[in-house]
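Please consult the sequence and the structure shown below.

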Amino acid sequence: NIPTSRSQFFDVVPMAPGTSSANGNIGGSSFNVFGSDTNQNAYQYDGLDISSPNFGGSYDWPNYDMMAELQVKSVGASAAQTGFQGGVINLVLKSGSNQLRGSGSFYGQWDPMLGNNTPDEEFPRFVDHRLDYNYTLGGPIKKDRIWALTIGQHIRWNRGEFLGVPPDRPDRTRIWRPFVKVDAKLSDADNVSVHYNDCRDVWGYGANKTTPPESASVEVGKD
C-alpha cells in the first residue's frame, strides 16, 4: 500500500530504517543496510535465497504483484537467516485461499503525457508507448488443504531514452513474467509450498546522438 513507482520491489526497500539505495540511486537494486557493503546482503523469496552470485543484488526482477509483504532484517535477525553480513531482504509471496479470486490491471504511458524540456532538439526524448498488463487468479484446489495462485505480467515499451533517437526507430522492450504457486497443508504442523517464477525479456537500449539505432544493444534474458 506504499506509494511507489511500482516498477520493482526495489523502490520499497529504502523505506526501511537504516537502509539506503547504493550511491543514492533511487530505484537501484543494491542497498546499504546499516552501513554494510552492497554485496553483504541476502535476497530471499519466502526464505529461499535468490541473491546474485556475482554482484550485491537480487538475481531476479520479479512481478511486483507477487509481493504480499517485504521484510528487511539485520540486527537481531533469527539464527535461521544465514548468508549475510548486512541485511536480509525477504519477499513474502502471495498465496491462494479458500475463495476463488481474480484481478486485472493495466498501466499505460504515451508521449503526449510527457513534457519536453529540449524543444530545440531534432529528436528529443520520447515514449511512444509503455503498456503494462497484469492479471491474478487464485483459489482452492481442495478446500482447507490445497490452494493455487497464478500471476502474469506483460510489458511492451517503445521509447527513445536519450536525445537523438528517431521516433520511427525506438528502443524496444518486451517482458513476460509468469508466476505460479501451490500451497498444501499436510497436517496441522506441516505445510508444503511449490512455486514457479520466470522472467523472459528482450531489452533494446543505448541509442543516442552518437550511437544510431542499428548500433544500439539488444539484451535477451531469462531469469
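The model is predicted: local features require pLDDT of at least 70 and side-chain atom pairs count only at pLDDT 80 or more, while totals for chains, interfaces and linings use all residues. Residues are numbered from 1 along each chain as its sequence is written, and side-chain values use heavy atoms, with hydrogens and water left out.

Strands are DSSP runs of E with at least two residues, numbered from the N terminus, and two strands pair if DSSP finds at least two bridges between them. Strands β7 and β8 run antiparallel and are joined by 10 bridges; within this pairing, G108 has L131 of β8 as its bridge partner. Strand β8 is also joined to strand β9 (residues 146-160), again antiparallel, by 15 bridges. A hairpin is formed by β8 and β9, with three residues between them, and D144 in the turn has a positive phi of about 70 degrees.

**Aromatic pairs**

Rings of Phe, Tyr and Trp (its six-membered ring) are paired if their centres lie within 6.5 Å; planes under 30 degrees apart count as stacked, over 60 as edge-to-face and the rest as tilted. The count by this rule is three aromatic pairs. Two of them are tabulated here.

| Pair | Centre distance | Plane angle | Class |
|---|---|---|---|
| F106 and W110 | 6.4 Å | 45 degrees | tilted |
| F106 and Y133 | 5.1 Å | 45 degrees | tilted |

F106 belongs to strand β7 (residues 101-110) and Y133 to strand β8 (residues 126-142), so their pair ties together parts that are 27 residues apart in sequence. Through ring pairs, F106, W110 and Y133 are linked into a cluster.

Relative accessible area (1.4 Å probe, protein chains only) classes a residue as buried under 20%, exposed over 50% and partly exposed in between. F106 is partly exposed at 41%; W110 is partly exposed at 37%; Y133 is partly exposed at 38%.

**Charges over a ring**

A charge sits over a ring if NZ of Lys or CZ of Arg is within 6 Å of the ring centre and within 35 degrees of the ring normal. The ring of W157 has the charged end of R130 over it, 4.5 Å from its centre. The charged end of R159 also sits over the ring of W157, 4.0 Å from its centre.

Methods
Helices (H or I, at least four residues) and strands (E, at least two) are DSSP runs, numbered from the N terminus.
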